[in-house]
Amino acid sequence: MKAVAIREVGPRDGFQNEPETIPTELKVELIDALARTGLRRLELTSFVRADVIPQLADAEEVLERVSIPEEVAVSVLIPNERGLERALALRESVRRERPAFDEINVFLSASETHNCKNVNRSIAESLAGLEIVLARAREAGLRCEGVISTSFGCPYEGHVPPARVLEIAARLRDAGAQEIGFGDTTGMANPRQVGEFFALARERLGAGRGSAAGGEGVAGGIGSRGGGGVAGGIGSRADDDGVELTAHFHNTRGAGLANALAALQAGIASFESSFGELGGCPVPAGATGNIATEDLVSMLHEMGCSTGVDLPSLIACAARAQEILGRPLGSHTLVAGPVEWSPTAN
């Protein structure tokens with residue numbers, strides 16, 4: 001059975017891009033439920049300034065109040081050195097059975113224009129700062145992911161050369177990132193482009209935990225916790241040969257799952273998605289739509305892949321988010337439910 005790792009990014013990437021600010025107690029409720037669906041990676045919040053992302057102003061309180069099983073890896077988004085200092089201070093102050101978080105994610109864009117509009121820095125300036133952040137995070141014993149936005153196209157510049165994206169990825173890897181995420185930030189990618197890109201990325205960067213040994217999306221060496229092939233702690237606790245390659249697609253133009261399939265067929269077995277299809281990208285306006293985690297899980301299960309996720313439990317989380325927000329969400333599986341096959345007549 002093919003094993004695929006999924007990082008649920010809804011509590012950060014989803015909540016921060018929704019127009020409503022979800023009350024802290026309801027965030028905690030949703031996060032605690034997601035942590036018990038079989039998902040083994042959760043991105044919970046971001047240490048950005050509250051005036052920049054007011055929806056995540058309660059980062060410290062959320063991390064203090066959630067109850068996450070030890071086998072679930074928790075990550076937080078770190079924008080810069082000041083954000084890392086805040087995160088490390090919280091991690092030191094929260095004393096319980098497990099750390100407040102296990103991993104950090106840093107980010108920049110492969111497009112100069114998008115990077116400037118998003119973080120008011122050039123790519124070179126972002127890389128210089130993130131190299132310092134990654135070094136300090138590794139010293140603190142944290143696992144690190146570097147996320148590259150607009151990896152497949154930019155709404156301002158158009159085509160983004162794959163060579164530029166992979167050069168940035170190599171810089172992040174060399175600075176200490178054990179995982180590189182490639183984001184289709186505004187939903188411009190197409191399946192042929194995705195397949196060609198990840199074949200090149202695996203050749204240039206090496207195939208770690210998030211890549212298959214072959215071209216069929218089989219994640220070799222991924223442990224199981226039982227219960228029908230639950231993928232446990234994938235890439236979350238230890239280094240591996242090669243950097244882990246992760247795909248992050250948006251469904252802005254309806255091609256999100258097609259692109260995920262293309263990445264899977266190119267040997268990628270690590271994905272990021274958001275329950276309920278929450279979120280998107282704040283720059284530019286209208287760049288909405290992470291692929292829904294339940295849509296991704298449903299497709300993978302129907303293909304015979306193992307995610308470790310209990311799909312009905314995940315759908316229940318999306319339904320609760322829809323109830324809290326008081327409006328329909330974009331997830332197809334939330335509407336249709338899991339595929340149910342009738343028994344074959346004798």
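Modeller: Phe-152, Phe-182, Phe-197, Phe-198 and Phe-249 form one aromatic cluster. The model is a predicted one, in which local features need pLDDT of at least 70, side-chain atom pairs count only at pLDDT 80 or more, and totals for chains, interfaces and linings use all residues. Residues are numbered from 1 along each chain as its sequence is written, and side-chain values use heavy atoms, with hydrogens and water left out.

Rings of Phe, Tyr and Trp (its six-membered ring) pair if their centres lie within 6.5 Å; planes under 30 degrees apart count as stacked, over 60 as edge-to-face and the rest as tilted. By this rule there are seven aromatic pairs. One of them joins Phe-182 and Phe-197, which are edge-to-face because their ring centres are 5.0 Å apart and their planes stand at 75°. Phe-182 belongs to strand β7 (residues 179-184) and Phe-197 to helix α8 (residues 191-205), so this pair ties together parts 15 residues apart in sequence. Here helices (H or I, at least four residues) and strands (E, at least two) are DSSP runs, numbered from the N terminus. Phe-182 and Phe-197 are both buried, that is, under 20% relative accessible area, with exposed over 50% and partly exposed in between (1.4 Å probe, protein chains only).

Phe-182 also forms an edge-to-face pair with Phe-198, at 5.7 Å centre to centre and 80° between the planes. This pair links strand β7 with helix α8 across 16 residues, and Phe-198 is buried, as is Phe-182.
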